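Hi,

Here's the structure I promised to pass on.

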Amino acid sequence: MSPLQKIIYVFLNTVARITYWVYFKSFHVSGKENIPEGVAIIAAPNHTSTMLDPVTMAGILPVWLHFLANQGLFKHPVTHFLMSKVFFSIPVQRPKDVEPGKKVNNLATIRACNKLLGEGGSVFMAPEGTSYLYRRIRPLKPGISRIALSAAARKKFDSNIIILPVGTNFSDSTTFRTDAV
């Protein structure tokens with residue numbers, strides 16, 4: 001990460017923290033003290049809100065996060081630049097993004113995550129794959145296990161990579177001044 005990217009990350013992280021303290025009436029975090037330091041983390045929260053989930057994780061986790069994001073957000077050169085260089089995102093292809101008759105191909109995503117995790121970096125990855133406003137955990141996608149096992153195998157299973165399950169709950173994520181846990 002370049003010095004400019006570090007400045008951008010710290011700035012955006014600060015904005016994220018201010019945003020959720022302003023947006024929510026109450027914001028409770030528990031278990032943060034159990035997160036080990038000096039290890040690569042795959043943050044795996046339930047995905048109740050497309051924008052609030054990554055912003056919240058960036059604000060509360062004591063690591064520099066990169067985010068897996070819908071490949072469609074990278075199509076235009078401007079949004080590609082913003083997503084990859086400013087918002088530290090890695091494109092992931094979803095089945096609904098693929099033309100009929102073609103298969104999903106996320107080898108580039110897996111390689112990018114392997115490299116990042118191998119260097120001690122951390123990734124935000126929603127195991128449900130997409131977000132919906134209703135409160136129910138949807139079937140989990142296999143990407144987290146594929147990426148974790150692939151990254152660990154690259155280090156001959158001698159690495160400090162953990163999958164950090166995170167539960168988030170918003171009393172109403174679309175309404176200003178509600179509660180978050």
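α1 passes α2 in a left-handed crossing (left-handed means the near helix is turned anticlockwise from the far one by less than a right angle, right-handed means clockwise). This is a predicted model, where local features need pLDDT of at least 70 and side-chain atom pairs count only at pLDDT 80 or more, while totals for chains, interfaces and linings use all residues. Residues are numbered from 1 along each chain as its sequence is written, and side-chain values use heavy atoms, with hydrogens and water left out.

α1 and α2 pack at about 110 degrees with axes 8 Å apart (axes are lines fitted to C-alpha atoms over the stretch in contact, and angles run from 0 to 180 degrees between N-to-C directions). The pair is therefore roughly perpendicular (65 to 115 degrees; under 35 is roughly parallel, over 145 roughly antiparallel, the rest oblique). The axes of α4 (107-118) and α5 (143-154) come within 9 Å and cross at roughly 55 degrees. That makes α4 oblique to α5, and their crossing is right-handed.

On confidence (pLDDT, from 0 to 100 for each residue), the chain averages 84, with 92% of residues at 70 or more.

Cheers

Note on methods. pLDDT is the predictor's confidence in each residue, from 0 to 100. Helices (H or I, at least four residues) and strands (E, at least two) are DSSP runs, numbered from the N terminus.
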